[in-house]
Amino acid sequence: MGSAKVKVDKGLYEKVKKYAGLAGYSSPAEFVAHCLEKEIATLEESDSEEEIKKKLKGLGYIS
Amino acid sequence: MSQSGKSRPFSRREFLKFGAAAATAAGLGGAKAFVPKVYGRGRATQKVIVIGMDGLDHGLFGRWVESGTLPTFEKILRAGGDFRPLGTSIPPQSPVAWSNFITGTDPGGHGIYDFLTRDPKTYIPEFSATETDAARRTLRIGNTVLPLSGGRVRNLRGGRAFWQVLEDHDVPATVIRIPSNYPPVPTRQLTLSGMNTPDIKGSYGIFNYYTNEPRGLVEEAGGGGRVHEVYVIGNRVEGKLPGPNNSFRADGPEMEIDFKVFIDPVNPVAKVVIQGREFILKEKEWSGWQRVSFGLFPTQSVGGICLFYLKEVRPKFKLYVSPIHIDPGRPALPISTPDSYARELERRFGPFFTKGLPADTAALDNDVLDEEEFLRQDDLVLQESLELMDYELSRFDEGLLFYYFSSTDQRQHMFWRLIDPGHPAYDPELAARYGGVIKNVYVAMDRALDRVMKNVDKDTLLLVMSDHGFNPFRRGFNLNTWLMQSGYHRLARPWQQAESSFFDNTDWSKTRAYGVGLNGLYINERGREREGVVGPGAEKANLVREIAAKLEGVVDPVTGEHPVLHAYVAGDVYHGAYLDRAPDIVLGFNRGYRISWQSPLGGFPKEVLENNTRKWSGDHMGSPDVIPGVVLANRAIRSGAPALYDLTATVLDVFGINKSPDMIGTTIL
């Protein structure tokens with residue numbers, strides 16, 4: 001499987017490194033890839049989730 | 001888009017061909033048509049009237065009976081009647097509790113454990129009561145999608161309803177608005193659906209609010225509503241009323257109806273013009289039901305009914321429009337058995353509310369309606385309910401009549417803060433004005449019962465019952481936050497904890513448990529959940545016991561109390577064919593506590609415990625022993641500790657019908 005590089009600023013990379021370790025990822029790259037996958041999944045599903053949320057909220061018990 | 005109003009009504013069958021697609025229909029079912037059987041109803045010598053008063057609390061009820069506040073109840077007791085605390089369900093949520101009564105089982109026997117469940121393959125919360133299948137095959141022509149096979153909506157409650165059992169024995173029954181009966185199960189009995197019946201958008205109720213007040217200009221009003229920014233130009237306001245999504249169009253756009261409001265330049269009065277009709281409202285006046293029609297296709301439309309309320313004309317313009325109910329005169333979705341019953345009632349009474357729980361608690365909770373306005377709306381609901389009850393009582397002469405009232409539940413949810421000085425949302429000024437609301441609704445129920453008693457003779461068993469009691473909701477418990485802090489749930493991006501919802505920030509590969517719904521906790525079980533990590537069998541059982549013990553040990557640092565009184569392990573408390581749907585642990589909260597606002601949908605607020613400062617201030621998610629309901633009979637009750645499923649056995653016993661093997665109750669008389 002091929003790979004590609006993405007530039008991020010140094011300050012952000014330091015944070016990525018720090019939290020990748022704290023969160024138990026084996027490397028900053030794994031952490032970043034996981035974050036991006038999740039974010040994309042969220043975007044792809046956002047419409048239907050929002051729709052569900054609106055319907056559920058009408059219950060009154062949930063905000 | 002604007003609609004001409006010339007389309008012919010869209011029949012239920014045609015509508016359901018679209019299934020869920022018509023977003024209107026999300027959570028709706030019933031493509032399986034009721035099978036009309038033409039045979040005579042048997043004649044029963046005994047009669048039973050059951051009046052359901054949602055959330056009638058045993059503690060408050062007993063206090064007010066004792067003080068002479070409830071004369072009709074008192075009269076029944078003096079004449080040989082009896083009342084007891086009524087054991088509610090685990091958990092004491094209305095759909096669960098009413099299902100216990102409907103089927104004579106516990107959730108293991110009917111499969112409804114919470115308002116919400118989740119799809120273990122996606123972890124997404126979803127309604128537990130209904131399921132909608134979209135049309136499986138469609139044909140696309142340009143921007144239009146035509147269904148080639150029907151979708152359908154299904155009532156997911158298992159077990160048989162007691163009125164179906166009565167039907168087997170030719171005992172006629174009329175069952176009005178019992179919760180957890182949407183879509184109504186097939187029967188030749190007369191039934192009208194209640195709680196869980198959606199609005200025309202397929203939701204539990206979304207209001208619309210039109211204003212030029214800047215502070216109100218947010219798209220979502222915090223749940224249950226939508227705020228529209230409008231402009232007053234030359235005493236004229238234009239608005240759009242949103243309806244269901246149009247599944248005939250490939251992109252499924254939301255349909256809209258244009259309307260105009262003409263404001264009197266001098267007086268606080270306005271004229272609303274919508275779909276060629278017009279009506280005049282004074283400031284602070286409700287419109288009565290207005291029919292609206294959304295055109296799906298050049299020759300097809302879906303009808304609804306809604307209330308307009310002119311809250312303010314000047315200095316700011318404020319117009320509230322209630323959620324759009326399914327029109328009972330031409331129901332696009334199944335709301336009664338037979339189908340014609342809703343239409344028959346509509347012909348007699350005109351339009352009436354059809355959405356489950358019609359009082360708009362969301363509008364009050366979000367300051368769109370104030371206390372007075374909310375009560376006025378719920379008074380309309382109560383008045384409609386009483387008129388329909390009188391009608392059904394007047395023609396009741398055999399079998400069983402069940403009738404349901406929601407106002408007790410809804411008013412206790414919204415006004416408990418004003419009888420509880422220890423509540424974070426207590427307001428002494430409001431308490432002085434509205435501190436009597438809850439007592440007054442108990443009195444209103446007493447008066448309703450007086451109307452019932454005119455139809456109770458010596459052969460009639462009268463049962464008054466509630467599904468659960470009530471208690472204050474002062475503090476919210478963030479179950480998912482607690483799971484995270486306790487090492488059972490892992491976030492992928494811990495720094496985004498507070499923004500998480502729908503488990504969009506969960507690292508499932510390192511998560512062992514999660515909370516969904518108002519009382520449920522699930523283990524992330526291998527083979528069941530998509531990314532399950534906990535092995536079934538001993539590994540899971542040990543983890544369940546460990547988490548349950550820890551939950552019961554949690555102490556609120558502010559009050560010193562245990563928020564979770566009992567953490568019920570599913571296998572210990574449920575029986576029946578639907579155990580596989582159960583959460584692994586069901587939380588029974590202590591008095592004053594409930595699940596937080598955000599945890600049920602997979603949110604992770606910062607704190608484990610938080611004050612509830614909202615108007616929604618009374619609730620019933622507690623341990624069943626904390627909030628029993630009430631059962632009252634016009635005969636002696638021999639059972640010392642009756643429960644909901646015992647009432648089912650009682651009803652069948654009166655008619656000499658043996659309960660089925662899955663029913664777990666016994667008669668209380």
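In the predicted model, helix α10 of chain B, spanning residues 407–415, is largely enclosed by the rest of the structure, because nine of its nine residues are buried. A residue is counted as buried here if 20 or more other C-beta atoms lie within 10 Å of its own. An α-helix has 3.6 residues a turn, so residues three or four places apart point the same way.

Chain B also contains an open sheet of four strands, arranged in the order β26-β27-β29-β28 with antiparallel pairing. The edges of this sheet are formed by β26 (513–516) and β28 (564–569) of chain B, each of which pairs on one side only. From one strand to the next, the twist averages 25°. Strand β26(B) is joined to β27(B), residues 520–523, by four bridges in the antiparallel sense. Within this part of the sheet, B:V516 has B:G520 in β27(B) as its bridge partner.

The sheet is packed against by helix α14 of chain B (residues 538–553), which touches β26, β27, β28 and β29 (585–589) of chain B. The direction of α14(B) makes about 170° with that of β28(B).

Chain A comprises 63 residues, of which 16% count as buried. Its secondary structure includes two helices and zero strands.

Definitions and conventions
Residues are numbered from 1 along each chain as its sequence is written. Chains are lettered from A and ligands numbered from 1 in the order in which they are written. This is a predicted model: local features need pLDDT of at least 70, side-chain atom pairs count only at pLDDT 80 or more; totals for chains, interfaces and linings use all residues. A residue is buried if 20 or more other C-beta atoms lie within 10 Å of its own, exposed if 12 or fewer, and partly exposed in between; C-beta atoms are placed from the backbone. Two strands pair if DSSP finds at least two bridges between them. Axes are lines fitted to C-alpha atoms, for helices over the stretch in contact, and angles run from 0 to 180 degrees between N-to-C directions. Two residues are in contact if their C-beta atoms, placed from the backbone, lie within 7 Å.
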